[in-house]
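This report describes a single protein chain for a reader with a computational background. The sequence and model are shown first, and the description follows.

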Amino acid sequence: MSGKKLPELPGELEEFLDKPYGGLFGNTVLAQVVEEIVADPTMDYRPGYLEEMTGKKAPSIREALRVLVRLGLIENVSSDAQHPVYRVVVESKKFIALSLLAYAMIDDRDGTDCMNTAIQDYYNRSLRAKAEPLAVATNYAGEWTTGEDCSAREAESKYSIFSVGA
């Protein structure tokens with residue numbers, strides 16, 4: 001362990017510790033199901049498993065699952081209507097936002113930096129290619145030269161080196 005001492009949870013927040021998203025959305029069946037699926041988006045979920053994990057009854061779990069399918073947060077991946085299996089749509093922006101919110105709750109509670117790390121990872125994986133150009137072109141009217149006047153290390157790199165002629 002790192003030996004880093006984490007701040008203690010204030011007593012007034014202790015009541016929210018076992019509630020989904022720290023009590024932000026209350027303790028509804030829908031909030032509990034969302035918390036479960038965001039916690040492990042790689043898992044296939046069956047209604048019976050969610051009943052067991054949340055302690056809620058089958059009809060309310062089925063209704064929560066119907067809502068989440070309609071919202072595009074999960075999809076039914078089973079062809080058997082009697083035994084549905086649900087999977088998180090991890091490409092969904094809603095899923096990404098809920099994951100970041102879960103990290104924010106942890107950060108505020110424990111004084112960590114999980115959300116910023118997750119945002120940076122998301123940016124690097126999903127947004128960097130759209131936001132940053134691969135090359136920059138200029139409207140240079142002078143003369144370009146290649147390779148001859150570059151350093152030995154640059155020449156060994158097997159890349160074409162372009163430089164502006166003076």
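Val34 lies in helix H1, where helices (H or I, at least four residues) and strands (E, at least two) are DSSP runs numbered from the N terminus. At 10% relative accessibility, Val34 counts as buried; buried means under 20% relative accessible area, exposed over 50%, and partly exposed in between (1.4 Å probe, protein chains only). With neighbours within four places in sequence left aside, Val34 is in contact with Tyr21, Leu68, Leu73 and Leu98, a contact being heavy atoms within 4.5 Å. Val34 and Leu98 are 64 residues apart in sequence, yet their C-alpha atoms are 8.5 Å apart in space.

Helix H1 also holds Gln32. Gln32 is buried, with a relative accessible area of 12%. The side chains of Gln32 and Asn27 are joined by a polar contact of 3.0 Å. A polar contact is a pair of N or O atoms within 3.5 Å; within protein, one must be able to donate a hydrogen and the other to accept it, and residues adjacent in sequence count only if both atoms are side-chain atoms.

## Basis of the model

The model is predicted: local features need pLDDT of at least 70, side-chain atom pairs count only at pLDDT 80 or more, and totals for chains, interfaces and linings use all residues. Residues are numbered from 1 along each chain as its sequence is written, and side-chain values use heavy atoms, with hydrogens and water left out.

## Overall composition

The chain contains six helices and five strands, which follow the pattern α-β-α-α-β-β-α-α-β-α-β along the sequence. Of the 166 residues in the chain, 23% are buried. Among contacts with a separation of 6 or more, 39% are between residues 24 or more positions apart.

The accessible surface of the chain comes to about 12100 Å², and carbon and sulfur atoms account for 55% of this area. Accessible areas come from the Shrake-Rupley method with a 1.4 Å probe; for residues, only the protein chains shown count as cover.

## Helix H4

Helix H4 covers residues 93-110, 18 residues in total. From its first C-alpha to its last, H4 reaches 26 Å, close to the 26 Å expected at 1.5 Å a residue; the expected span is 1.5 Å times one less than the number of residues. The buried residues of H4 are Phe95, Ile96, Leu98, Ser99, Leu100, Ala104, Asp107 and Asp110. These buried residues pack against helix H1 (29-39), strand E3 (86-88) and helix H5 (114-131).

Ser92 lies in the loop between E3 and H4 and, at 8% relative accessibility, counts as buried. At the start of H4, a side-chain oxygen of Ser92 comes within 3.1 Å of the backbone nitrogen of Lys94. Apart from neighbours within four places in sequence, Ser92 is in contact with Gly72 and Leu73. Just after H4, Gly111 adopts a positive phi of about 70°.

Strands of a sheet pair through backbone hydrogen bonds, either parallel or antiparallel. Here, an open sheet of three strands has the order E1-E3-E2, with antiparallel pairing. Strand E1 (44-45) and strand E2 (74-76) are the edge strands, each pairing on one side only. Two strands pair if DSSP finds at least two bridges between them. E1 and E3 are joined in the antiparallel sense over two bridges, and Asp44 stands opposite Arg87 in E3.

One aromatic pair is found in a search of the whole structure. Tyr45 and Tyr49 form this pair, which is tilted, at 5.9 Å centre to centre and 45° between the planes. Rings of Phe, Tyr and Trp (its six-membered ring) pair if their centres lie within 6.5 Å; planes under 30 degrees apart count as stacked, over 60 as edge-to-face and the rest as tilted. Tyr45 counts as buried at 2% relative accessibility, whereas Tyr49 is partly exposed, with a relative accessible area of 28%.

Ile61 is found in helix H3 (residues 58-70) and counts as buried, at 0% relative accessibility. Ile61 and Tyr49 are 12 residues apart along the chain, with their C-alpha atoms separated by 10.0 Å. Not counting residues up to four places away in sequence, Ile61 touches Val29, Val33, Pro47, Leu50, Glu51, Thr54 and Lys56.
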